[in-house]
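Subject: Structure handover

Hello,

Here is the structure you asked for. My notes on what turned up follow below it.

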Amino acid sequence: MSRTTDVAAEKNQLRVGRLLKAHGLKGALKLELYTDAPERRFIPGAEFTLQVPEASEWHGKTVTIREYRVMNGNSVVFLEGVDDRDAAETLVRAILWMDEDDEVEDDAWYAHQLVGLDVVRDDVVVGRVARVEHLPAQDLLIVKTDSGDVMVPFVEAIVPTVDIAARRVVVTPPPGLFEELPSADAESDTGSADASDAEASDAGPAGTE
């Protein structure tokens, strides 16, 4: 499931990949794809905005594709000016963004499309998308509920349906994500109370032999 945009200033952008690790000695990087059309996105000369920590030497810079290959089943890119493994290592975990175009891929949305959508679980509205946060590993939907904000991993297993036209997303969260689970102490107290009741029942009425 492709994901969305960190929206640098006035532009909407689409997240299309993440650089996973250096590959070989000539500056190549393995690429995790967030696009269904890598051969069209990663053509020579294509330029991408980088999402990296502020401390990175690449902060605020862009990269340009020199070559895209599939090697042993892995997507690999070579970037202009990145000519050896040491240079490639400085880009590990960077996320690649491209400017919004007229063609939006299946299962790809921009952040501004998601904000404000109802969040539905078991046909019940449990909150509303307040914002989208982009982390190196995955995106998070920040859902505003009556009891506070809930961070929902924006992955297909938990958010199987996004329906922009119906203004809603469907979630299938694990237990505890939208409600508090009984604490171990509470369960222990309940168990102790049940045990005491059972002992009292076995003992029979007070004062009998």
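First, a term: two strands pair if DSSP finds at least two bridges between them. Helices (H or I, at least four residues) and strands (E, at least two) are DSSP runs, numbered from the N terminus.

This is a predicted model, in which local features need pLDDT of at least 70, side-chain atom pairs count only at pLDDT 80 or more, and totals for chains, interfaces and linings use all residues. Residues are numbered from 1 along each chain as its sequence is written, and side-chain values use heavy atoms, with hydrogens and water left out.

The overall picture

The protein chain has four helices and 12 strands. Of its 209 residues, 37% are buried. Buried means under 20% relative accessible area, exposed means over 50%, and partly exposed is in between (1.4 Å probe, protein chains only). The accessible surface of the protein chain is about 12,000 Å², and carbon and sulfur atoms hold 48% of it. Those areas come from the Shrake-Rupley method with a 1.4 Å probe; for residues, only the protein chains shown count as cover. Among contacts in the protein chain with a separation of 6 or more, 54% link residues 24 or more positions apart. Contact means heavy atoms within 4.5 Å.

The barrel

Six strands form a closed barrel in the order 1-2-5-4-3-6, with antiparallel pairing. From one strand to the next, the twist averages 50 degrees. Axes here are lines fitted to C-alpha atoms, for helices over the stretch in contact, and angles run from 0 to 180 degrees between N-to-C directions.

Look at strand 6 (residues 95-99) and its partner strand 3 (residues 47-51): three bridges join them in the antiparallel sense. Gln-51 has Ile-95 of strand 6 as its bridge partner. Thr-49 is bridged to Trp-97 in strand 6. Strand 1 also runs antiparallel to strand 6, with five bridges between them. Why is strand 6 largely enclosed by the rest of the structure? Because four of its five residues are buried.

The cores

A nonpolar core is a set of buried Ala, Val, Leu, Ile, Met, Phe, Trp, Tyr and Cys residues joined through side-chain atoms within 4.5 Å. The largest one has 24 residues, and Leu-19, Phe-42, Phe-48, Val-77, Leu-79, Leu-91 and Leu-96 touch the most other members. Strands 1 to 6 each give two or more residues to this core. Strand 1 supplies the largest share, four residues. Another core lies apart from it, with 19 residues, including Leu-117, Val-132, Val-143 and Val-162.

Leu-19 is worth a click. Beyond its neighbours within four places in sequence, its contacts include Leu-29, Leu-31, Val-77, Leu-79, Leu-91 and Leu-96.

Two loop residues

Most residues other than glycine have a negative phi. Asn-72 is not a glycine, yet its phi is positive, about 55 degrees. Asn-72 sits in the loop between strand 4 and strand 5. Asn-72 is exposed, at 79% relative accessible area. Arg-167 also has a positive phi, near 60 degrees. Arg-167 is in the loop between strand 11 (161-163) and strand 12 (168-170). Its relative accessibility is 41%, so Arg-167 counts as partly exposed.

Best wishes
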